[in-house]
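Please read it with the structure open.

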Amino acid sequence: LASYITFDLSPELAQTKVPADAAAWVQAKVDPALLGKVKARVAAAGIALNEAEFAKLLAYVWPALEKMKQRDGKYRAAREKLFTTPAGREYLSELSIDELPGLTTPETTAIMLALCEALGMKINFGAPAFGFQKNMPYPDNAALRGLIEKQWAVCRKFGASIGFHSGSGKSAENYQVMGAVTGGRLEIKTSGRYTYEMGRALGASKQAADQALWQDWYRFTVELAVKGAFSTDATEQKMARSFVADALAKSGRPTEVFGSEGTVRAAVEALSPSPEHMFWFEYNFLYVLAGGGRSDKAALGDHSPAGYRQRARFYSISDEGCLNFAKNIAAYIVFLAENTGLAPKERCAAAGKLLAGYRTMDAFLGDISG
């Protein structure tokens, strides 16, 4: 009964192979009336279609859209069964298309939104790919403005707002551009930020149990970074090395350390543990369900009792750790609200001052419940 549902197409996209003759496949599989409706809607949005590219895209996404339609129907039926008013039955839908290859073009966004509309699925937020990296600012605000303006020109014609995935950790200027172009009609996916803020919270805690969890968590990411830097998978190896090199460079250390696993380990272990290190940010979420806290791949995403015992470590942090975490998250949301223009600067400043004054978790919760 979630009131906000993100439809992630990536599991189906990973399994779909585009046929050699995409146009013939589409003609055989997709209702011609629906195709006509989609093309007309895209044209009405001011987008010119390339027929060959349209067929390739449709052949690629159609299996995922069929499953999405089934899921949307189940969500809708569940809410209609359990709620009696239109407001209760309503939910927000987000279409995640940043899993498609490369930067998302306005043409792709228009086609995907038109397909959902033709299939009877209202999309409140479309999430294209802007080339974002998690927890890293976008380097060129003028270029970012241009990318968003092109997407916004399409989304607003479909009554959709923009979802910014990998949206955490951007600069204040980046968020200002996002808010200004969309007029505040936006969503920012910040899930990548929350485990980072938990790391900061535990690292700053004076409680022994919090510090033990933080140190174990940090060592786990060191192990994944070192192993990944020598993975036989070329992509995994490249990414792991980039994370290690980023942490070393930002700490003023040499980055030419990849001669052997031993040299990488020595270089990484010489760093002071910090949630600011890129390898920690990129790997930390895997620790939450790592059976026994182990870093071997067989232990990751463990939904057995061992995985949930590992998860339970985060439920038993101290009140100091909880307060640190709550203040970190609230401060980040205030920062987003101010820079996207969703709340006035004065109100955000007052909220920030209030947050800074909390000394106990009870006081923080008391103000919320009051």
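1. Lys 227 is partly exposed, with a relative accessible area of 37%; buried means under 20%, exposed over 50%, and partly exposed in between, for a 1.4 Å probe and protein chains only. The residue is found in helix H10, residues 208-228. Helices are DSSP runs of H or I of at least four residues and strands are E runs of at least two, numbered from the N terminus. Leaving aside residues up to four places away in sequence, Lys 227 touches Ser 295 and Asp 296, where contact means heavy atoms within 4.5 Å. Lys 227 and Glu 90 are 137 residues apart in sequence and, C-alpha to C-alpha, 46 Å apart in space.

2. On the basis of these values: this is a predicted model, in which local features need pLDDT of at least 70 and side-chain atom pairs count only at pLDDT 80 or more, while totals for chains, interfaces and linings use all residues. Residues are numbered from 1 along each chain as its sequence is written, and side-chain values use heavy atoms, with hydrogens and water left out.

3. Helix H8 (residues 172-182) and helix H15 (residues 319-339) have axes that come within 8 Å and cross at roughly 50°. Axes are lines fitted to C-alpha atoms, for helices over the stretch in contact, and angles run from 0 to 180 degrees between N-to-C directions. H8 and H15 are therefore oblique to each other; angles under 35 degrees count as roughly parallel, over 145 as roughly antiparallel, 65 to 115 as roughly perpendicular and the rest as oblique. H8 contributes Ala 172, Tyr 175 and Gln 176 to the contact, and H15 contributes Tyr 332, Phe 335, Leu 336 and Asn 339. These residues divide into 5 nonpolar, 2 polar and no charged, with Ala, Val, Leu, Ile, Met, Phe, Trp, Tyr, Cys and Pro counted as nonpolar, Asp, Glu, Lys and Arg as charged, and the others, Gly among them, as polar.

4. H15 also meets helix H16 (residues 345-356): their axes come within 9 Å and cross at roughly 170°. That makes H15 roughly antiparallel to H16. Among the residues in this contact are Ala 330, Ala 331 and Val 334 of H15 and Cys 348, Ala 351 and Leu 355 of H16. The contact residues comprise 8 nonpolar, no polar and 3 charged.

5. The largest pocket has a volume of about 610 Å³. A pocket is an open set of points on a 1 Å grid over the protein atoms alone, where a 1.4 Å probe fits, with protein on both sides within 12 Å along at least five of seven lines; lining residues have an atom within 4 Å of a point. Of its 26 lining residues, Lys 134, Ser 191, Gly 192, Thr 195 and Phe 285 are the closest to the centre. H9 gives the most to this lining, with 5 residues. By class, the lining of the largest pocket has 10 nonpolar, 10 polar and 6 charged residues.

6. The second largest pocket has a volume of about 240 Å³; a volume is the space filled by probe spheres set on the points, and grid points are joined across faces, edges and corners. H4 gives the most to its lining, with 5 residues. The lining has 6 nonpolar, 3 polar and 3 charged residues.

7. One backbone angle to check: phi of Ser 166 is near 55°, a positive value in a residue other than glycine. Ser 166 lies in the loop between strand S4 (161-164) and H8.
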